[in-house]
Amino acid sequence: MELRVWGGAGEHGRSCYVLTGEQHRIMLDCGVKKEGTGQYPLLDADLIPQLTAVFLTHAHEDHSMALPLLYKHGYQGEIWTTKPTVLQLELYFANWRKYVERRGGELPYDHTHISAMRFRILEEEAEAGDWLLLSDGFSVQWGRSGHMLGSVWLRLQLEGHRIFFSGDFSRESALLANDSPSVHTLYESSDEPNLFPPEMTLSIIDNAYGADEQSQSQKLNALRQLILEVLERGGHVLLPVPAFGRGQDLLLWALSTFPGQHLLIEQEIREGLQQLAEWKDWLRPGIVHAINKAMISPNIHIPVSWDDRVRLLQGENSFIIFTTDGMMESARARWYAEHLSSSADHAIVITGHASEETFARQLLKGEIEGTSCEVIQMGYKIHQGLDDVRLMLHEVPSRHTVLVHAPKPVTDQVADRLAEEGARGIYSLQPGAVLNI
Ligand SMILES: [Zn+2]
Ligand SMILES: [Zn+2]
């Protein structure tokens, strides 16, 4: 069997892997990269009609937004994914179009290719952890990956090989539940333990945070400390976050960490929290209750107009502000930045990835003139760092392990370190690579 990397290894973006056996040709994800007017996977158009199955681990653009290209190039099959993922795609397509057009680019596909996409819903056909037989010699198992609503990891039984794809993975979300991919628990509880011996032939593992070894609680402690300092000196703290994602985690965290503190929340983020409560199966126990409590919190202020925002920011209270758009490309995120930039008392905290050339990145690099407020990057984990990878290597032993989702030099460093620690078969690859397993 052969793995082709069409994107996603040695870089942040355009996740796309193709596994070719004797009868099957399987694609895992087909995303884009936020660089220039958008970068797409290194698709081989001749191979696309031969794909026998396509899987999508979650809705983020770096895993999903190149899928219509498959239909443009003649794929006629289905895309296996989850219900929440399908429902979120529409918004991601709208945002991706905006991203491309704002940079003077053009989408390489049109709406006919988007509407040609056909989906099969994993959780409608098998429970998490159960094997689903798709065709002769080909079964799949899925589990919640704790990275975003609807995100999954996948394990394939393919022509005698066992293949694990972590997708984007986190065990440390405050809101989202995850299913352990550990072969030890999954196989030992099986009635037929010898049917699926534990070692994988190949694992493709999220290591977006490279050699970073910090846990979520260490990161949140540092963020808590910073916010306390800013509030004590009478400043506002701006947290630009995606409309749906870590913003809801951080909002519930802020409510419990700073009781009585005033929060200025843009409507979309509150709506996101409300929507999340409808997906109980994807949440940790007790979260629906916490969300319902948050919805009626007297400390949350939702601005209804520009005047309202100005009034709140110029009033007596210091606010923790949640606005949409983690990379701060939108007019409103920039408005907040401008409003806070005049005083060194305020702080802007970037909690996620800031792509090159985005406003958030420019702010971090000090390239926006007249910015006297503090600008700092303090991550909230939704991916895996080095320690998480170590644990995953233990839980999912594999003959070949490809680390993905970080720049090549970062992955090289991690692969070297793991090799020094005695791990075997760790690969740092890049787009275009072919690995024979
Ligand atoms: Zn993701
Ligand atoms: Zn990703």
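Predicted model: local features only at pLDDT ≥ 70, side-chain atom pairs only at ≥ 80, totals over all residues.
**Entry 1: domains**

I started with the domain assignment. It gives domain 1 as 2-212 + 383-436 and domain 2 as 216-377. I looked up the spacing next. The C-alpha centres of domain 1 and domain 2 lie 30 Å apart.

Then I turned to the interface. On the domain 1 side, 26 residues are in contact with 18 residues of domain 2. Together the two domains bury about 2,000 Å². Of that area, 58% is on carbon and sulfur atoms.

I also looked up the polar side of this interface. I found 11 residue pairs in polar contact between domain 1 and domain 2, both residues at pLDDT 80 or more. Which elements of domain 1 give two or more residues to the side that touches domain 2? They are α3 (83-102) and β8 (138-144). Helix α3 provides the largest share, six residues.

I noted three salt bridges across the interface of domain 1 and domain 2. Separately, I looked up arginine 103 and glutamate 329. Their side chains meet in a salt bridge, at 2.7 Å from N to O.

**Entry 2: helix α10**

I picked helix α10, residues 287-295, and asked which of its residues are buried. I found Ile287, Ile291, Ala294 and Met295. Seen down the axis of α10, these buried residues fall within an arc of 100 degrees, so they line one face of the helix.

Turned away from the buried side, it carries the exposed residues His289 and Lys293. What covers the buried residues of α10? The cover includes α8 (246-257), α9 (267-276) and β14 (300-301).

**Entry 3: salt bridges**

I took the total first. The count comes to 30 salt bridges. I then went through several pairs. Side chains of opposite charge can pair when their charged atoms come close.

Glutamate 78 and arginine 120 form one, with the closest N and O atoms 3.1 Å apart. This pair links distant parts of the chain, 42 residues apart. Glutamate 78 sits in the loop between α2 (67-72) and β5 (79-81), while arginine 120 is in strand β6 (residues 119-121).

Arginine 332 pairs with glutamate 266, and their closest N and O atoms are 3.3 Å apart. These two also come from distant parts of the chain, 66 residues apart. Arginine 332 belongs to helix α12 (residues 331-341), and glutamate 266 to the loop between β13 (263-265) and α9. I looked up burial for each. Arginine 332 has a relative accessible area of 15%, under the 20% limit, so it is buried. Glutamate 266 counts as buried at 1%.

Aspartate 308 and arginine 311 gave me a pair within one helix, α11 (residues 306-314). They are three residues apart, about one turn of the helix. Their closest N and O atoms are 2.6 Å apart. Aspartate 308 is buried, at 11% relative accessible area, whereas arginine 311 is exposed at 54%.

Key
Residues numbered from 1 in each chain as written. Chains lettered and ligands numbered in written order. Heavy atoms only, no water. Buried < 20%, exposed > 50% of the residue type's maximum accessible area, 1.4 Å probe, protein only. Helix = DSSP H or I, 4+ residues; strand = E, 2+ residues; numbered from the N terminus. Arc of directions from axis to C-beta. Contact = heavy atoms within 4.5 Å. Domains from an automatic or database assignment. Buried area = accessible area lost by both parts, 1.4 Å probe. Salt bridge = Lys/Arg side-chain N within 4 Å of Asp/Glu carboxyl O. Polar contact = N/O pair within 3.5 Å; in protein donor to acceptor, adjacent residues only side chain to side chain.
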